[in-house]
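Welcome, and please take a moment to turn the model around before reading on. The paragraphs below will walk you through a few of its places in turn.

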Amino acid sequence: DYNKKNIPLAKNLRKNATPQEKHLWYDFLSTYEIRFQRQKAIDNFIADFYCHQAKLIIEIDGAQHFTEAGRQKDEYRTEILAEYGLKVIRFTNHQIDTNFRGVCEYIDTAVKSSLSLPL
């Protein structure tokens, strides 16, 4: 389920993705063997990247996520999404910029573990 009011915002976020989101999407997730969607409306939230088959959400966190309010908001959001059986994994912009290969390997392992596929 999702809040239909979030659809225009999700479309706008897709058009105005951060450099790190673009990098992860165009250089890995868009051609990944298991389908991912970007800026997917779920409940009252918009996930940066979502894999329905693996029940996995990937979030790319910028500076606003490192404030106390940002951390609390993220914790609340993760709890709500967990009630849907979804797992949220987070990466920082810095991790995308400095360890892209490691991020991709972690995502691949998380997807395959979720689907009980060979690593």
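**A guided walk through the model**

At a relative accessibility of 10%, D74 counts as buried, where buried means under 20% relative accessible area, exposed means over 50% and partly exposed is in between, using a 1.4 Å probe and protein chains only. You can find D74 in helix α3, which spans residues 68–82. Helices (H or I, at least four residues) and strands (E, at least two) are DSSP runs, numbered from the N terminus. D74 and D61 are 13 residues apart along the chain, and their C-alpha atoms are separated by 9.8 Å.

A word on how to read these values: this is a predicted model, in which local features need pLDDT of at least 70 and side-chain atom pairs count only at pLDDT 80 or more, while totals for chains, interfaces and linings use all residues. Residues are numbered from 1 along each chain as its sequence is written, and side-chain values use heavy atoms, with hydrogens and water left out.

Staying in helix α3, look for G70. G70 is buried, with a relative accessible area of 10%. Now find S30, which is 40 residues from G70 along the chain; the C-alpha atoms of the two are separated by 28 Å.

Next, let us visit a pair of helices. Two packed helices are described by the angle between their axes and the distance between the axes. Here the pair is α2 (residues 19–27) and α5 (residues 100–114), whose axes come within 12 Å and cross at roughly 60°. Axes are lines fitted to C-alpha atoms, for helices over the stretch in contact, and angles run from 0 to 180 degrees between N-to-C directions. α2 and α5 are therefore oblique to each other; angles under 35 degrees count as roughly parallel, over 145 as roughly antiparallel, 65 to 115 as roughly perpendicular and the rest as oblique. The crossing of α2 and α5 is right-handed. A crossing gets that name if the near helix is turned clockwise from the far one by less than a right angle, and is left-handed if anticlockwise.

Which residues meet where α2 and α5 come together? From α2 come H23, L24 and D27, and from α5 come F100, V103, C104 and I107, with contact meaning heavy atoms within 4.5 Å. Sorted by class, the contact of α2 with α5 has five nonpolar, one polar and one charged residues. In this sorting Ala, Val, Leu, Ile, Met, Phe, Trp, Tyr, Cys and Pro count as nonpolar, Asp, Glu, Lys and Arg as charged, and the others, Gly among them, as polar.

Helix α2 has a buried set as well: Q20, E21, L24 and W25. These residues lie on the same side of α2, because they cover an arc of only 125° around the axis; the arc is that of the directions from the helix axis to the C-beta atoms. What covers the buried residues of α2 includes β1 (37–42), β2 (45–51), β3 (56–61), α4 (93–98) and α5.

From helix α5, pick out I107. Is I107 buried or exposed? I107 is buried, with a relative accessible area of 0%. Not counting residues up to four places away in sequence, I107 touches L24, F28, L29, F36, I58, I89 and F91. One of these, I58, is 49 residues from I107 in sequence and 8.3 Å from it in space, C-alpha to C-alpha.

Two strands deserve a stop too. In strand β3 you will find I60, which counts as buried at 6% relative accessibility. I60 and L24 are 36 residues apart in sequence and 9.3 Å apart in space, C-alpha to C-alpha. In strand β1 sits Q39, buried with a relative accessible area of 5%. Leaving aside its neighbours within four places in sequence, Q39 is in contact with A10, L13, R14, E21, I46, A47 and D48.

Our last stop concerns backbone angles. D43 lies in the loop between β1 and β2, and its phi is near 55°, a positive value in a residue other than glycine. S116, in the segment after α5, also has a phi near 55°, again positive in a residue other than glycine. D43 is buried, with a relative accessible area of 19%, whereas S116 is exposed, with a relative accessible area of 66%.
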